[in-house]
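Subject: Structure for you to look at

Hello,

Here is the structure I said I would pass on. Please open it and keep it beside you while you read the notes below.

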Amino acid sequence: MKLFTKTWKQDLVWLNWAFRSIYKFCDEQIVWHIVVEDDMRGEVRRIADECAKDINTPHRHEVIIHGLVAWPELSAIKDDYMGQQWVKMMAHRVIGDDLVWAWDSDVCAQRHFTEANFLGKNGLPIYWFSEIDRLKSCENNATGATFYDIFCKRAKVLESMFSCKVSREWMRCMPIPLIGSILKKGSEHSAWGKAFQECVAGNHMFSEFNVIAQYAYIYFNNSFDWKDEDIDGPTWGGFQSTFFNRSCGDATIACQYYSWGGETPEFKNWLKKEFK
């Protein structure tokens, strides 16, 4: 199974727990591409080696650490958050044509899994989505804006990129499948040029995974098993943060903790239980 993570200095404490949880719960070999600022590559290697030593696993995991040399245009993006999004949209520069699973630094595995858990009909990677109109009841976030408002604004950004009506929110849970060959083709599409301009402008209503999924749904529909969270769910992912929770149930393989929101009591209790 292959993973892809764009991390940065402030998230390394979370990456440590991502490493430990995956090494504990993944029941097959991992090849993990991690992108980080050049001066932090040594620290990421230290964390990876320390976690591999501490967690007894029979699998020989491979961690490939990349600097930012493959993304020279990042100098035009002043917002680090937006820069991370652009790196993911152009991940094919280091992963090649392969299928990888985007696994953010603040996502921890919750139970045993292999890649087969994320594959659907005909062995295709599953991509979860929700109809935006079904998300009107989402809780308020820390700013007071509802998630439904944010999803609607994301959709408007997509509509300007693809010149079509957008009714779906594509970012529903981690990990998210990325196929390098599709990203490479996408980088030649006008939507990627518009996405870059959104990143340069620092538009936080822009969502990289929504652009990637919308493009794939239109042009590479047969490459994924598309699943509606409300009909085919629950998904394999949970969310826990200081402002929003989606409980981790029996189906949950991974939970995202939103690093910028800080550690929740639930997260601290989970760490004590799993890594005494």
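With which side chain does the side chain of Glu-169 make a polar contact? The partner is the side chain of Arg-154, at 2.7 Å. A polar contact here is a pair of N or O atoms within 3.5 Å; within protein, one must be able to donate a hydrogen and the other to accept it, and residues adjacent in sequence count only if both atoms are side-chain atoms.

Before going on, note that this is a predicted model, in which local features need pLDDT of at least 70 and side-chain atom pairs count only at pLDDT 80 or more, while totals for chains, interfaces and linings use all residues. Residues are numbered from 1 along each chain as its sequence is written, and side-chain values use heavy atoms, with hydrogens and water left out.

Around Glu-169

Glu-169 belongs to strand β7 (residues 168-169). Helices (H or I, at least four residues) and strands (E, at least two) are DSSP runs, numbered from the N terminus. Glu-169 has a relative accessible area of 0%, so it counts as buried. Buried means under 20% relative accessible area, exposed over 50%, and partly exposed in between (1.4 Å probe, protein chains only). A polar atom of the Glu-169 side chain also lies 3.2 Å from the backbone nitrogen of Met-171. Leaving out residues up to four places away in sequence, Glu-169 touches several residues, including Phe-129, Phe-151 and Asn-210; contact means heavy atoms within 4.5 Å.

Asn-210 is in helix α8 (residues 208-219) and is buried too, with a relative accessible area of 2%. The side chain of Asn-210 makes a polar contact with that of Ser-207 (2.8 Å).

Sheets

Strand β7 is part of an open sheet of three strands in the order β7-β6-β9, with mixed pairing. Strands β7 and β9 (225-228) are at the edges with a single partner strand each, so one side of each has no neighbour in the sheet. Strands β6 (residues 126-131) and β7 run antiparallel and are joined by two bridges; two strands pair if DSSP finds at least two bridges between them. Glu-131 is opposite Arg-168 in β7.

Elsewhere, strand β1 (residues 2-6) is largely enclosed by the rest of the structure, because four of its five residues are buried. Strand β1 runs parallel to β2 (residues 31-35), with five bridges between them, and parallel to β4 (residues 99-102), with two bridges. Lys-2 faces Val-31 in β2, whereas Leu-3 has Trp-101 in β4 as its bridge partner.

Which residues of helix α7 are buried? They are Ala-191, Trp-192, Ala-195, Phe-196 and Cys-199. These buried residues fall within an arc of 145° seen down the axis of α7, so they line one face of the helix. The arc is that of the directions from the helix axis to the C-beta atoms. Their cover includes α3 (80-89), α5 (147-162), α6 (180-186) and α8. Just after α7, Gly-202 has a positive phi of about 75°.

In helix α10 (residues 265-274), the buried residues include Phe-267, Trp-270, Leu-271 and Glu-274. They cover an arc of only 100° around the axis, which puts them on the same side of α10. The face turned away from that buried side carries the exposed residues Pro-265, Lys-272 and Lys-273.

Regards
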